[in-house]
Amino acid sequence: MLNDNSKDVEGDYTFTIPCIGRRPIKGHTVSPAGSYGEDTIGPITCPEHGEYGYHVTFYFGPYNRTSGGRLVVVNRDNGGNDDSSGSLKIKDARFSPETPKDGDTVTFQVKVYNNYTDDKNVKLTLYIDGSEADSVAGSVSAGSTGEFSLHWGAEAGEHSYEVKLYSVDEKNGKEALEDSEDGSIEVSRVVNGLSAWFEVVPNPVEAGNNVTVYITVKNSENYKQTWPIELVGNTGNVWWPREDYYGMNYSISDGDLTIYANKTARITATIGPITQNTTLTLKIGGYQMASKYVEVNSNSQLIMSKASCEDIKFDFSDYAYRATVSCEVYLHNLRNQEVYIEHISVEDYSLGQLEKIPLGSLGVEKWLISPQEFTIKPWETRRIVFSLPIYVSSYIPISGSDATEVVLKNGEYTNIKFEYTLGYSIDRKVWHHYFNSVSQHVKITMDTKTVVADYVLSGIAAITDPNTAISISIGSVRILGLKVNGKLGLDPWAFLWNGLIKPYILEHT
């Protein structure tokens, strides 16, 4: 927790994560003036692999602050006899300066822990608002922590960031997603030597309640400045100021802010009631300096307390590669009112390097979500099961295009990711949407016929690895609606494979 005050702040905290039960871990910590307070929680033992939501609440005086995130527990059940036994994790990711201004270079310091039994080549990529901003590669020794730097040229406004950690196969250069860290970063504008930012607490807020706004304005000029200041909503409503303020380094009178030379003003204001989602914008001298989106809870707050996916098994029993991804998601109701759930759907879905897999996998099967409708009682948890069929056409038509390789291998791990949304309500009249995503590492396995079919295909097409389920370097196949071309040209092997060899394999294995 960042303490931006001139004095130390101390208080109690609670840390809650469902994998250790409902009872939170409690502690006491001190945040030194002008810096971060740190404390170590754990060690924590999660008995089952999966994805868990957690939250930390810090209590100081009459105030409290809450933050949260997701923790992925990886299960690698091969006995630890090869280098796939272990994991790469982002141990810490921080950016500086903590309050960047437009035009600053923001540096992300990322610590990566290598839990494998051998050294690992890694790649870290920084995404800002979903677009790649920087990337860095290196290596981390077994059982140790490596530190990497990523950079971004700050632009005014509120942005999302995500740091993705990949392991890189030193033999073929293939990348596998191991971990990620995300958050938000606010960059203030600089106008007339003034920069400003603010924070809204609580956010989300219960409908009809007030929020506290912590505003910071910095004057970098060597002279006193006076400008109109106001906090407005996205409907044009002026929320603040409605009275005069006098504090250290500043004063507000009749809606005008006066701030002294080379000083920083820290202003606390209470506004409300807040009845609907809104964007608050701080204006100084008519310029938009900073903004925040304020979300309103409608008497219900859901969290994904856990998510886990089973390993994927491909079979080759009907002239095609088929498998089903089965994932469990646990939703927890944090409120003291019953919540009604309906209209659950899956959005973008990816398997390894395959992104945005079409609904129903070429339309041959439907995705199953069970149950589709249910209720969650106060403080209870309900399970949703997602069954997502995968169908890979094994037909190899003639093509002379360049090769594109997409590989899923027997015995190796890959990443599954999908986004889902659902509707929830308290009274069955007013409905809201809840969004979340699942990201899991799973093991790819295949039955005997699949491995034999790939082995014969590898002998014909000179594919070197007999365990490869989908290694497209010949012909052109259609993978879940995505066409992948190869280099078969007019080679008659395509006709032999589709017409003779494949049926023979299915009949005699």
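The following dialogue examines how terms are applied to this predicted model.

Tutor: Residues are numbered from 1 along each chain as its sequence is written. The model is predicted, so local features need pLDDT of at least 70 and side-chain atom pairs count only at pLDDT 80 or more, while totals for chains, interfaces and linings use all residues; side-chain values use heavy atoms, with hydrogens and water left out.

Student: How many helices and strands does the protein chain have?

Tutor: The protein chain comes to two helices and 37 strands. Both are DSSP runs numbered from the N terminus: helices are H or I with at least four residues, and strands are E with at least two.

Student: What makes Ala93 a buried residue?

Tutor: Buried means under 20% relative accessible area, exposed means over 50%, and partly exposed lies in between, with a 1.4 Å probe and protein chains only. Ala93 has a relative accessible area of 16%, and therefore counts as buried. In the protein chain of 509 residues, buried residues make up 44%.

Student: Where does Ala93 lie, and which residues is it in contact with beyond its neighbours within four places in sequence?

Tutor: Ala93 belongs to strand 7, residues 88–96. Contact means heavy atoms within 4.5 Å. With those neighbours left aside, Ala93 is in contact with Gln109, Val110 and Glu181. Ala93 and Glu181 are 88 residues apart along the chain, yet 7.3 Å separates their C-alpha atoms. For the protein chain, 67% of the contacts with a separation of 6 or more are between residues 24 or more positions apart.

Student: How do you know that strand 7 and strand 8 pair?

Tutor: Two strands pair if DSSP finds at least two bridges between them. Eight bridges join strand 7 to strand 8 (residues 105–114), and the two run antiparallel; Ile90 stands opposite Val112 in strand 8. Strand 8 is also joined to strand 11 (residues 145–153) by nine bridges, again antiparallel, with Lys111 opposite Glu147 in strand 11.

Student: Which strands are the edge strands of the open sheet of four strands?

Tutor: That sheet has the order 14-15-17-23 with antiparallel pairing. Strand 14 (190–191) and strand 23 (264–274) are its edge strands, since each pairs on one side only. Strand 14 meets the criterion for pairing with strand 15 (residues 194–201) through two bridges, in the antiparallel sense. Val191 stands opposite Leu194 in strand 15.

Student: In which sense does strand 35 pair with strand 28, and in which with strand 34?

Tutor: Strand 28 (residues 312–314) and strand 35 (residues 431–446) are parallel, over three bridges, with Ile312 opposite Ile444. Strand 34 (residues 413–425) and strand 35 are antiparallel, over 13 bridges, and here Thr414 stands opposite Val442. The hairpin of strand 34 and strand 35 has five residues between the strands, and Arg428 takes a positive phi near 65° in that hairpin.

Student: Why are Phe418 and Tyr420 called a tilted aromatic pair?

Tutor: Rings of Phe, Tyr and Trp (its six-membered ring) pair if their centres lie within 6.5 Å; planes under 30 degrees apart count as stacked, over 60 as edge-to-face and the rest as tilted. Phe418 and Tyr420 are 6.5 Å centre to centre with 50° between the planes, and are accordingly tilted. The structure holds eight aromatic pairs, and ring pairs link Phe386, Phe418, Tyr420 and Tyr434 into a cluster.

Student: How do you know that the charged end of Lys120 sits over the ring of Tyr116?

Tutor: A charge sits over a ring if NZ of Lys or CZ of Arg is within 6 Å of the ring centre and within 35 degrees of the ring normal. The charged end of Lys120 is 4.5 Å from the centre of the Tyr116 ring and sits over it. Lys164 likewise has its charged end over the ring of Tyr127, 5.2 Å from the centre.
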